[in-house]
Amino acid sequence: MSNIAKKIYLVDTTLRDGEQTAGVVFANDEKVRIAKFLDEIGVHQLEVGIPAMGGDEKEAIKAIVKAGLKASIMAWNRAVINDVQESIDCGVDAVAISISTSDIHIKHKLQKSREWVIESMVQATEYAKKHGLYVSVNAEDASRTDPEFLIEFAKAAKSAGADRLRFCDTVGILDPFKTFDKIKFLKDNVDIDVEMHTHNDFGMATANAIAGIMAGANYVGVTVNGLGERAGNAALEEVVMALKYVEGIDLNIDTRRFREISEYVAMASGRQLPSWKAIVGSNMFAHESGIHADGTIKDPRTYEVFDPSEVGLERQIVIGKHSGTAAIRKKFTEYGIDIDEATARELLPRVRAAAVSLKRSLFDKELVYIYEDYLREKEEGKKAQ
Ligand SMILES: [Zn+2]
């Protein structure tokens, strides 16, 4: 598609929107560790916190700036000059200046007018630009904003010197088709870089982020594990791998450390990583069903789109109720035992019965016990004859 930008930049906001998740707090050391991790794998910009909160938050931001990372370090601000000044005090090179643009927010939350919104945004942006900062103007609730007003807002941001516009689907109300249309309309009318910021309330955060890129957005906001307000944000690992393998766009991120960083953020946020999590879940490369396991043993590409090592995982043949003889034979070679097809066929009903009665797949030891019992019974059978 001709709308796709030549270069796509990845903006991680695990430390800002991710930490905004109800009940999540990172220790300052964890914040620095996560920032370093993200920098090492090649994320272009890190949104690391809200300086206006002061105290520990400000200290953590300063510590991240001091770490001297390659990534651009961005701080989040309301469209308020004092907020921007707090960011300048922290030494960041970039600021996000956020203000609501939808009438529902302007009227019921801010209780102001559209004119006031533009004026506040312009003042804060001009102040930040005067101090040499990179500026993302965030249109909060952009997805529910009158498209004509969003154009007016984006044009005002651009003439105030803003470097990009963050399109926020704050309540996660879009689908990929609507997202594409909205971003295309915006790009057709204003020549400004656009960042996608999507939420997962209807399970479409990653899809919507990608739809925005297809329509011409050239920045994409993500969080590790999709950590974020309510149902979360577009997940870093999903966006990067989907862009690579579904759309053929390689962001040159070191994906081999994805599982490691996902585990770290899961631990630091106290939010367990589900086994079925896309890209980094432990089940991504676990095969149990007879047909799938057989295919994967013959050639992994039959049921895997990319190699597990690309995201720091390992392939796993799981033996359970749905296993077939190929998987059983393969599993026994892992224990250094060669069994023939006939033996595997005789073991199969015993394996299935054990899995059903235990209501789970079998541990390696259990499989070996089943085999030993089988050999013993066979031996006794012979003696009895
Ligand atoms: Zn958000």
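## A tour of the predicted model

Two residues are in contact if their C-beta atoms, placed from the backbone, lie within 7 Å. This is a predicted model: local features need pLDDT of at least 70, side-chain atom pairs count only at pLDDT 80 or more, and totals for chains, interfaces and linings use all residues. Residues are numbered from 1 along each chain as its sequence is written.

**Whole view.** The C-alpha trace spans about 95 × 40 × 35 Å along its principal axes. Colour by secondary structure to find 15 helices and 10 strands. These are DSSP runs numbered from the N terminus (helices H or I, at least four residues; strands E, at least two). Of the 385 residues, 43% count as buried. Buried takes 20 or more other C-beta atoms within 10 Å of a residue's own, exposed 12 or fewer, and partly exposed is in between, with C-beta atoms placed from the backbone.

**Domains.** Select 9-269 for domain 1 and 286-384 for domain 2. The bounds come from an automatic or database domain assignment. Their centres, taken over C-alpha atoms, are 46 Å apart. Now show where they touch: 8 residues of domain 1 are in contact with 7 of domain 2. On the domain 1 side, helix H10 (236-245) and helix H11 (258-269) each supply at least two residues. H11 gives the most, with 3 residues.

**H9 against H10.** Select helix H9 (residues 205-214) with H10: their axes come within 10 Å and cross at roughly 50 degrees. Axes are lines fitted to C-alpha atoms, for helices over the stretch in contact, and angles run from 0 to 180 degrees between N-to-C directions. That makes H9 oblique to H10. Angles under 35 degrees count as roughly parallel, over 145 as roughly antiparallel, 65 to 115 as roughly perpendicular and the rest as oblique. Show side chains next: Thr206, Ala209 and Ile210 in H9 meet Glu238, Val239, Ala242 and Leu243 in H10.

**Two loop stops.** Go to Ile279, in the loop between H11 and strand E9 (286-287). Its phi is positive, about 75 degrees, although Ile279 is not a glycine. Ile279 counts as buried because it has 23 C-beta neighbours inside 10 Å. Finish at Lys359, in the loop between helix H14 (341-358) and helix H15 (364-384). Phi of Lys359 is also positive, near 55 degrees, in a residue other than glycine. Lys359 has 8 C-beta neighbours inside 10 Å, so it counts as exposed.
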